[in-house]
Amino acid sequence: LQSTVTLNNGVKMPWLGLGVFKAEEGEEVVRTVKTAIRLGYRSIDTAAFYQNEEGVGKAVKEAMQENGVSREELFITTKVWNSDQGYDSTLRAFETSLGKLGLDFVDLYLVHWPVKGKYKDTWRALEKIYAEGKARAIGVSNFQIHHLEDLMADSKVVPTVNQVELHPQLSQQELRQYCDSKGIQVEAWSPLGHGKLLENEALRAIGEKYGKTAAQVILRWDLQERVITIPKSVNEQRIAQNADIFDFELTGEDMRIIDSLNQNKRFGADPDNFNF
Ligand code: A2P
């Protein structure tokens, strides 16, 4: 649960984290994040857009005290929202996020979506934030190959991470190969396809062999594919279940079956055609 991957700048990031998109600000997100840290999670993925950074910050502070966990053991990710993109506005948005989280630094700061005409200036702001040590690593989210090419043509710092929608029906092979070739670590959002993949018979059948659920099979597939994964749950049993994936191994045949489920199917927005 606390095993890590070393990013291209030497910073270590846990393979498994908790996603908190749609965890409600206030009691729900505080309880959820505290539960996860108590159960051994060390990585929490939020965003300004999720409107729960204050709760995440409160939970982190309380969980550190209650569980004897230090700030250095935790890995906190947040993201700049689209309407804040641009150089100065990103610097301001970052300070706002840091203030809400009640932290001196974040571990990873991401450009949430590749907003046309804005993301390069946004990236320059992230480079400054990184140079000042206020983010231990910087990266992007929902970038396609052409966005990455365009960004890297004009910038010094290669993104450490690209966080994208990725699950068995959207396996992102081409993007993953490209990111691997550039040293960019791929991270999966909605690894469970918003929970919609959990009825899949093939995944359930694989799980049955190991006494695991379809969710655990998908998350294990992520690990074996070397994709960072951040399933969202606000339920203690499911938070625990999603972390119980380090005691079995999918066979090559299992992996091939899961790979064959790809349909290039998005449940979320298209990074080349979104209007928010
Ligand atoms: P809940 O928060 O009530 O547990 P994704 O991370 O792919 O977006 O999926 C998140 C959705 O899947 C949420 O609706 C979450 O609901 C549900 N979920 C998360 N983990 C599990 C699990 N192990 N079994 C069933 N549903 C899950």
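**Ground rules.** I am working with a predicted model, where local features need pLDDT of at least 70, side-chain atom pairs count only at pLDDT 80 or more, and totals for chains, interfaces and linings use all residues. I number residues from 1 along each chain as its sequence is written.

**Helix 2, geometry.** I take helices (H or I, at least four residues) and strands (E, at least two) as DSSP runs, numbered from the N terminus. Helix 2 covers residues 53-67. I checked its length: at 1.5 Å a residue, its 15 residues should span 21 Å, and the end C-alpha atoms are 20 Å apart, which agrees. The expected span here is 1.5 Å times one less than the number of residues. Gly 68 follows helix 2 and has a positive phi, near 60 degrees.

**Helix 2 against helix 3.** I looked up the packing with helix 3 (residues 87-101): the angle is about 45 degrees and the axes are 7 Å apart. Axes are lines fitted to C-alpha atoms, for helices over the stretch in contact, and angles run from 0 to 180 degrees between N-to-C directions. That makes helix 2 oblique to helix 3. The classes are roughly parallel under 35 degrees, roughly antiparallel over 145, roughly perpendicular from 65 to 115, and oblique for the rest.

Helix 2 brings Glu 53, Glu 54, Val 56 and Gly 57 to the contact, and helix 3 brings Ser 97, Lys 100 and Leu 101. Contact requires C-beta atoms, placed from the backbone, within 7 Å. I sorted the residues of this contact into two nonpolar, two polar and three charged. Nonpolar covers Ala, Val, Leu, Ile, Met, Phe, Trp, Tyr, Cys and Pro; charged covers Asp, Glu, Lys and Arg; the others, Gly among them, are polar.

**Buried side of helix 2.** I list Glu 53, Gly 55, Val 56, Gly 57, Ala 59, Val 60 and Ala 63 as buried. Buried means 20 or more other C-beta atoms within 10 Å, exposed 12 or fewer, partly exposed in between, with C-beta atoms placed from the backbone. The buried residues pack against helix 1 (27-38), strand 4 (43-45), strand 5 (75-80) and helix 3.

**Core.** The largest nonpolar core has 75 residues. Such a core is a set of buried Ala, Val, Leu, Ile, Met, Phe, Trp, Tyr and Cys residues joined through C-beta atoms within 7 Å. Leu 18, Val 20, Val 33, Val 56, Val 106, Tyr 109 and Ile 218 touch the most other members. Helix 8 (residues 214-224) gives the most to this core, with six residues. I followed Leu 18 beyond its neighbours within four places in sequence: its contacts include Val 33, Tyr 41, Ile 230 and Ile 239.

**Positive phi.** Most residues other than glycine have a negative phi. I found Ser 190 at about 45 degrees, positive although not a glycine. Ser 190 sits in the loop between strand 9 (185-189) and helix 7 (201-210). Ser 190 is buried, with 23 other C-beta atoms within 10 Å. Arg 226 has a positive phi of about 60 degrees. Arg 226 lies between helix 8 and strand 10 (228-229), and is exposed, with 12 such atoms within 10 Å.

**Gly 268.** I placed Gly 268 in the segment after helix 10 (252-259). Gly 268 and Ser 190 are 78 residues apart in sequence and 8.7 Å apart in space, C-alpha to C-alpha. Gly 268 is partly exposed, with 15 other C-beta atoms within 10 Å.

Technical notes. Two residues are in contact if their C-beta atoms, placed from the backbone, lie within 7 Å.
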